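Let's read a structure together, one feature at a time. Have a look first, then we'll talk.

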Amino acid sequence: MERRTPQDKKRLSYLKDRRNAYGENDKASRRNIPRSRRARRHALRRAEQPALHQVTAFGGSWDESEVRFARPGTGRWRKWPDGRLAESVVRRLERRAEQGGAEGAQAEERIRRVRRSAGLR
């Protein structure tokens, strides 16, 4: 394994490290992802009940495709990855500059340095 310079380490950190961009605590995903998947499956099962009842009420046999076709759609839930550390840092610096926390030229220089070291833009 070859040695990396501190600059290479920082660049790789900006590109590979991730930050939660959703706005919740990063540990909350441990609970919320399984909860969302459970809720979606529960909604699908609940939507199948009236369709299944409708098919079997007339004494007919039912096929799974008929029930699936008769139930209404219940939306979609998907996972997505967290954002890159570099994007998070740039967004934070831009927000800080907008709120007047740093001088305009100094803030622009910091943003430019982060983008350059991360290989963005």
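Q: Which residues is leucine 93 in contact with, leaving aside its neighbours within four places in sequence?

A: Contact means heavy atoms within 4.5 Å. With those neighbours set aside, leucine 93 touches Arg110, Ile111 and Val114. This is a predicted model, where local features need pLDDT of at least 70, side-chain atom pairs count only at pLDDT 80 or more, and totals for chains, interfaces and linings use all residues. Residues are numbered from 1 along each chain as its sequence is written, and side-chain values use heavy atoms, with hydrogens and water left out.

Q: Which residues form the largest nonpolar core?

A: In soluble globular proteins, nonpolar side chains tend to be buried together. A nonpolar core is a set of buried (under 20% relative accessible area, 1.4 Å probe, protein chains only) Ala, Val, Leu, Ile, Met, Phe, Trp, Tyr and Cys residues joined through side-chain atoms within 4.5 Å. Here the largest one has nine residues: Tyr14, Leu85, Ala86, Val89, Val90, Leu93, Ile111, Val114 and Ala118. Helix 4 (85–98) and helix 5 (104–118) each give two or more residues to this core, and helix 4 has the largest share, five residues. Helices are DSSP runs of H or I with at least four residues, numbered from the N terminus.

Q: How much can I trust the coordinates?

A: Check pLDDT, the predictor's confidence in each residue, from 0 to 100. Where pLDDT is low, the predicted coordinates should not be read in detail. The protein chain averages 82, and 83% of the residues score at least 70.

Definitions and conventions: Buried means under 20% relative accessible area, exposed over 50%, partly exposed in between (1.4 Å probe, protein chains only).
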